[in-house]
Amino acid sequence: MIQISNVGKHYGAFQVLKNCTTTINKGEVVVVCGPSGSGKSTLIKCVNGLEPFQSGDIVVNGTSVGAAGTNLSKLRAHVGMVFQHFELFPHMSITDNLSLAQVKVLGRSEDEARDKGLKLLERVGLKAHAHKFPGQLSGGQQQRVAIARALAMDPICMLFDEPTSALDPEMVNEVLDVMTELAQEGMTMMCVTHEMGFAKRVANRVIFMDQGSIIEDDQKEAFFSNPQSERARQFLAKIL
Ligand code: ADP
Ligand code: MG
């Protein structure tokens, strides 16, 4: 589903991604972790073309992200992305947040988009809040809306960039529960997160990044029981 091959990226003289290579198969859940500044957000943004890269390529479901002439808007319409800070439209109701891209990008009718949105809100336990505005919801509720909004586009895979790290602790689990359900339904997921409980329960593989490189790319059992690199060992010792 997602094939990342020798991806390199610079900001001026600073190399933010170095020769990153990995493959995420259909239905796999891969957790990406590593210290702050190691390039996790940059890598995940490269996958749906939000960040350009200078070398290598990424192929998502057969579409080359790096090739000239690829319609990145079309690709992004089918790759769901959930950010740390929700990024809901603050001036629009939850219903309208869920409908907008369905209507504008996929060409669905308002009715169809609203119905689909309501179904997804029900699924994340927020149907009663459809008429509210984002500011009237808690952080955990807003993030569940953001996930529902991404799902409304019938994504072929989902990218998460630290979806719970801006939340109060008591709200983390309600978001992880929604992500866990998605994984169990077979969604292909690439999740930047430091929630190692989630990784242990839900992930198939764990990627560890440091200084722009993928240092480890292991089955989760191997990552947690016997990380190969000293850097991953130190990282795990700090966060577990
Ligand atoms: P992570 O998500 O792992 O914390 P990022 O991908 O956000 O890391 O950033 C990786 C590195 O790239 C950091 O050192 C960061 O300072 C740098 N960086 C990120 N965005 C830019 C930018 N627009 N210009 C220059 N450097 C950047
Ligand atoms: Mg980041």
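Which residue of β4 does Ile4 stand opposite?

Modeller: In this predicted model, Ile4 stands opposite Ile58 in β4. The two residues belong to a pair of strands, β1 (residues 2-11) and β4 (residues 55-60), which run antiparallel to each other and are joined over five bridges. As a general point, the strands of a sheet pair through backbone hydrogen bonds, in either a parallel or an antiparallel sense.

The pair of β1 and β4 is part of an open sheet of four strands, whose order is β2-β1-β4-β5 and whose pairing is antiparallel. At the edges of this sheet are β2 (14-24) and β5 (63-64), each of which pairs on one side only. Helix α1, formed by residues 40-47, packs on the sheet and touches β1, β2 and β4. The direction of helix α1 makes about 120° with that of β1.

To place this part in the whole, one may turn to the overall fold. The protein has nine helices and ten strands. Its radius of gyration is 18 Å, close to the 18 Å that the globule rule gives for 240 residues, so the protein is as compact as a globular protein of that length. The C-alpha trace spans about 50 × 45 × 30 Å along the principal axes.

A further open sheet holds six strands in the order β6-β7-β8-β3-β9-β10, and the pairing there is mixed. Its edge strands, β6 (79-82) and β10 (213-219), each pair on one side only. From one strand to the next, the twist of this sheet averages 15°.

Both senses of pairing can be followed at β9. Strand β3 (residues 29-33) pairs with β9 (residues 205-210) in the parallel sense over four bridges, and Val31 stands opposite Val206 in β9. With β10, by contrast, β9 pairs in the antiparallel sense over six bridges; here Ile207 stands opposite Asp217. The hairpin of β9 and β10 has two residues between the strands, and Gln211 takes a positive phi near 50° in it.

Two helices may be described with this sheet. Helix α9 (residues 230-239) lies across β3, β9 and β10, running at about 105° to β9. Helix α5 (residues 139-151) lies across β6 and β7 (157-161), and runs at about 170° to β6.

To return to the part in question, Ile4 and Ile58 stand opposite each other in an antiparallel pair of strands, within the open sheet of four strands on which helix α1 packs.

Definitions and conventions
Residues are numbered from 1 along each chain as its sequence is written. Chains are lettered from A and ligands numbered from 1 in the order in which they are written. This is a predicted model: local features need pLDDT of at least 70, side-chain atom pairs count only at pLDDT 80 or more; totals for chains, interfaces and linings use all residues. Side-chain values use heavy atoms; hydrogens and water are left out. Two strands pair if DSSP finds at least two bridges between them. Axes are lines fitted to C-alpha atoms, for helices over the stretch in contact, and angles run from 0 to 180 degrees between N-to-C directions. Contact means heavy atoms within 4.5 Å. The radius of gyration is taken over C-alpha atoms; the globule rule is 2.2 Å times the number of residues to the power 0.38.
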